[in-house]
Amino acid sequence: MRASILICICFLLGFMTSANAVEINYAAHWVYKDVILVKRHADMDSMALLVSEAAEITLVEDDFFTGDVLSFPLIPQRANRDVREAYTSMLPEFSTVRFERVLADDEIKRLLTSQLVLVQYGKRGEVVQISYVQIARLLDELYTRGIDDADEVDNYGATISDQQVHFRLWAPTAKNVSVLVFDENKEALVDAFLSMQFDSHSGVWHASGPASLQQKFYQYQLNVFHPATQRFEQLTVTDPYSLSLSTNSVYSQVVDLDDEKTKPAGWDRQAVEMLDHPEDGVLYELHIRDFSASDLSLSNPKFRGKYSAFSERDSFGIQHLQRLREAGLTHIHLLPAFDIGTVNEDASEVIFLSDTLERVCTLSSELEFCRAEYDKTLSLQSYLEALPRNSGGVQAIIETIRDKDPYNWGYDPFHYTVPEGSYALNPDGISRIVEFRSMVKAIHAMGFRVVMDVVYNHTHAARLHKNSVLDKVVPNYYYRLNPLSGDIEQSTCCDNTATEHRMMTKLMVDSLVVWARDYKIDGFRFDLMGHQPKASMLEAYEAVSAVDEDNYFYGEGWNFGEVANNRLFVQASQRELAGTEIGTFTDRMRDALRGGTPFDEADDIRKGQGVINGLYVFPNELQGAEQREKTAYLLSMDQVRLGLAGNLANFPLQNYKGERTLGRYVPYGGVGAGYALDPADTVNYVSKHDNQTLWDNNQYRLPFNMSSDDRVRVQNLALAYAIFSQGVPFIHMGSELLRSKSFLRDSYDYGDWFNAVDFSKQSNNYNRGLPPAVKDQANWPLILQVLEKNEGRDHVSPEQIHFASRVFTDWLKIRSTSRLFRLTNEEQIVSRVSFLNMGPQQVPGLIAMKINDELAGEDLDGAVSSIIVLFNNSLEHIQFSYRDAQDYSLHPVQVVGADKLILEASATSAGFFVPRLSAVVFVKP
C-alpha cells in the first residue's frame, strides 16, 4: 500500500444515503498540480479524490460501489492570482482545494491514466456529492508548459525519414498504444503490429518501422480509460494527424506529401497570382459539388461534382470563372474540402439524381413511390421534375434520401488535414490528394488564388461514436465540456472543440501549415471563429505567414454561446480582432440591406424589409406606421454608409439626426456598428451559403406588383454595395446569376436539387418545390402566397440571367480599375471617403459616396482625382443637386456596359441625374 489510504466498499456503503440524495456531476476540475476547483455541496464536511487504477468505481441504480481505490484527502485553500485570473468565469461558484500532501509529477501523470472521482462527505461521513474529474487543463500544465515537450514536437502522425517510417501520437492518458498496419487491400500485414513506446515527458507514444511501410494503411489501437463509459476501453482509431485515408476514412495511410506520386504534373512549377494588399481581393464562395453537379457541358459526366471539373477547359462553369477573372475576381473560396463524416465515399451506396428509380428504390425502399407501380427506367431527376411545385412532394423525397445522397456543405470535420474523398474519382489513398492538388493547380492557372473553408471549432463526432477520432485518443481533452455536467458543449451545432487547450491549438496550427505549404492554399475562412481564442488565431496566422507571407485569414467573428463576451478567453470575435487584418464578416451592412434577421420566420420575414428591397421607399403591404418605418430606414442607411467605409469604428459621419458621430456609436442591435480598425478587418457581403440566397430573400420582401426586370435590378444593386465597399468583398457563387434555392433557409444537406447552379444561364433554380419541412414548414404559407400574388413576376428568363451576369462583371471591372475602391488603412479611408445626402433632410432612396484623390501627398489613382458613387434604391429617378457636378463623367466601363438604363445618368451644373434602382459611378479626371 502506498502513502495514500486504501479503502474498501464497506466503508463507503456504510455511510451512503440513497443515490437519489447524492448529487452526481462533473463539477471537479483538476487545473494545476496542486489545485482542484470543485463545486461544493452545501452539506460538505470533507472531501477526497478517489483513484481507481482498474476503473472499479461505479454507480448502479441506488448504490455506489468501489473496489480497491486510492483516497487522497483534499483541504480548502484560497485561490491565488493565477487561479483567479484564469478561471474568473468559474469563481466564486467553484471553490479551490488542494491535496494534503504534495504529489510528484510522475505520480500525478500515473493517476491521470486512471478513473478519478471526487467525493464529498457530510458530517456523518455520508456521501453527499460525487464529481467526475475534468483534467484537460492539468494535461496542458504537465505536458505543454515545459521545454521540448508535447507542443514542441513537429512531426506527429506518420512521417518518413532516415529510411524509416515513424509514428507519433500524443495520448498521455493511454495505458498502451500500438500501430496496426495493412496492405492496399486492407489486409493485415504479416508484421502488422508495432508496439509503441511512451515518453513520460511529452506524453507522446512512438514507434518506427521500415521504409516499406510507405503508402501502407494503418490504425492505432489504444487501451485507455474513457469517461463516456467510466471504464477502460480497447479502441481502434485513425490518426488525428492523418495525411491520407482509405475510402470512408476507415484507415489512415502513410504518405509523404513531397513524394512525386502525390503530385500532378507541374505541381512544383505552378505560378500563384500575388496581391499587394488583402483589400485587392474579391472573394467568390463556391461549393465544390455545386460548381459542376448540374453542368452538362463537362467532357466526362463522371467529373460532375468532383475536383476534376476544375481542370476542364471549356465547360460552362469554367467559362464563367474565366470571365469573372478577366473582370477582376481574385479568389475562389472553397467550402470545406477536408475529410468530412457525412457523405458516403463509396459511390455504389449513394443515390444520384441521374439514377433510375429502380436503383433509387434498391437503396431507399422506404420511399412512397417504391411501394407502387413505377417506371423503373425513369430517372429520379425526371420524376421530381414532374411533381407539382406548390406541394411538399419534392421535399419529402429529398428529405428521405438526403443521408444517402452525395451532398453536404462539409461543416462536419472527420480528419482535418486530408482532402475529402467524395469529391475524388477515386477516394482511396493518395488519388484524392493528386486530384485535390490538380484542382488547386487548375484554379491557380486561371489566375485565381485559392481559399479553403476550415472548421476547427467542432467535429462531426466525439465520445465513442464510429466517426470519433480525437475523443478516443485523449478522452475529454479536445472538447469544451460544460463545467457542471461534463457534457460536450454544442453551441456551434455539434461537438465543440476546445482550442483554448494547447494541443487543440497545435493541431489547428499544424493542419493549417500543411494546407498552406503542401497544398498551396492562399487563404483560410474560419467557421465560427469567435469560438476560438484570439491568441490561437494570431499564432496560426503567424505560422502560416511564415510559409506563405501573403496568406489571408477571415471568418465568422460572431459572439455567442458558452464563450460569449470573452467569458472563457479573449475571443477571435469581430471587435477583438480589430486591427489584426484578420477579416470578419460584417453583419451590419448585410442586415441593413437584406432586412430583418437570418432567424425570422413566416410573416416576420416579409415585414422585415431592408434598404435594398423596399424599406420605406417602396414598402410592401405589411409595413407598419410610417414614422417607425422612416426611423428604421434612416438608421439602416447610416449603417450602410458605414459599411461602405469599411465599418470603421473611428469613421466620422453625420447621422440621420444631424449629429456628428463616429462609426463606433452608430447603433446596431444594442452595440456600436463600427468595429474595424483597418479595412482588411472587414469582409463585406449580402449573401453567402447560409440562409436564403439573395434572390429568395428579396422575393420574400418585395412588393407583389414589382416587375421582373426591376427584381433583377434590385439584385444587381445589392451586389454593387459589396463590390464598392472599402474592405474585402465577398460574393456567393451564383448571386450574379440570380441564384435561388427555392426559399430554402439552410440547404446544408439537401442535395443537388435545391443547391443547383446553372452556368449555362438558362435557369436560376427558382420554384423547384416547397423547401424541406424540417427547415421551412413555418414559411410555406408565406411562400405560397408570394408565388401566387407575384403572378410570375418573380420568374426570370435566360436573357435576364445573362444581363445580371454582365452587370456584375461591370462592377468588378470598375473596382479593379482604381485603388480608391481598395484603400489599405484607416487613415486613407477617414481622409478620402465621405458621404453626401446625409442627416434628417436627406433625399430618400439615395446614398452618395465620394472618394477623394485630390489630397496633398500620395496620388493613389493617376487617372482620376475623385469618384462619386450614387446608389439609387428607389423606384424613381433622382435628381441630386451637387456643386461642380459638371466636372464629373460616367465611368468608362458603364458607358459601354451592360445596363443601358445607366446611359440616362448625367452630371451637369444642375447636379447628378441617377436612374431608378441603379448604382452609378461618376469620375472626375
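## The second largest pocket

Helices (H or I, at least four residues) and strands (E, at least two) are DSSP runs, numbered from the N terminus. Please keep in mind that this is a predicted model, in which local features need pLDDT of at least 70 and side-chain atom pairs count only at pLDDT 80 or more, while totals for chains, interfaces and linings use all residues. Residues are numbered from 1 along each chain as its sequence is written, and side-chain values use heavy atoms, with hydrogens and water left out.

The second largest pocket has a volume of about 910 Å³. Its lining is made of 38 residues, and those nearest its centre are Arg289, Ala293, Ser294, Arg304 and Asp752. By class, 18 of the lining residues are nonpolar, ten are polar and ten are charged. Here Ala, Val, Leu, Ile, Met, Phe, Trp, Tyr, Cys and Pro count as nonpolar, Asp, Glu, Lys and Arg as charged, and the others, Gly among them, as polar.

## How the spaces are found

Rolling a probe the size of a water molecule over the atoms shows where empty space is left. On a 1 Å grid over the protein atoms alone, a cavity is a set of points where a 1.4 Å probe fits but cannot get out, whereas a pocket is an open set with protein on both sides within 12 Å along at least five of seven lines; lining residues have an atom within 4 Å of a point. Grid points are joined across faces, edges and corners, and a volume is the space filled by probe spheres set on the points.

## Closed cavities

There are ten cavities of 30 Å³ or more in the structure. The largest cavity has a volume of about 170 Å³. It is lined by 15 residues, with Ser114, Val133, Ile135, Phe225 and Pro227 closest to its centre. Strand 9 (115-121) and strand 10 (127-134) each supply at least two residues of this lining, and strand 10 gives the most, with three. Nine of the lining residues of the largest cavity are nonpolar, six are polar and none is charged.

The second largest cavity has a volume of about 90 Å³. Among the residues that line it are Pro240, Tyr416, Asn467 and Leu507. Strand 23 (residues 413-419) gives the most to this lining, with four residues. The lining of the second largest cavity has nine nonpolar, three polar and no charged residues.

## A barrel and an open sheet

Strands of a sheet pair through backbone hydrogen bonds, either parallel or antiparallel. Two strands pair if DSSP finds at least two bridges between them. A closed barrel of eight strands runs 20-21-24-27-28-29-34-35, with parallel pairing. From one strand to the next, the twist averages 30 degrees.

An open sheet of five strands has the order 36-37-38-43-40, with antiparallel pairing. Strand 36 (833-836) and strand 40 (889-890) are its edge strands, each pairing on one side only. Strand 40 pairs with strand 43 (residues 918-924) in the antiparallel sense over two bridges, and serine 889 stands opposite valine 923 in strand 43. Helix 18 (residues 708-724) lies across strand 37 (846-852), strand 38 (866-872) and strand 43, running at about 145 degrees to strand 38. Contact means heavy atoms within 4.5 Å; axes are lines fitted to C-alpha atoms, for helices over the stretch in contact, and angles run from 0 to 180 degrees between N-to-C directions.

## Disulfides and backbone details

The structure holds two disulfides, a disulfide being a pair of cysteine sulfur atoms within 2.5 Å. One of these joins cysteine 361 to cysteine 370, with an S to S distance of 2.0 Å. The torsion about the S-S bond of cysteine 361 and cysteine 370 is about -90 degrees, so this disulfide is left-handed.

Two loops hold backbone details to look for. The peptide bond from leucine 91 to proline 92 is cis, with omega near 5 degrees; proline 92 sits in the loop between helix 2 (81-86) and strand 8 (95-99). Asparagine 476, a residue other than glycine, has a positive phi, near 65 degrees, and is found in the loop between helix 11 (470-473) and strand 26 (495-496).
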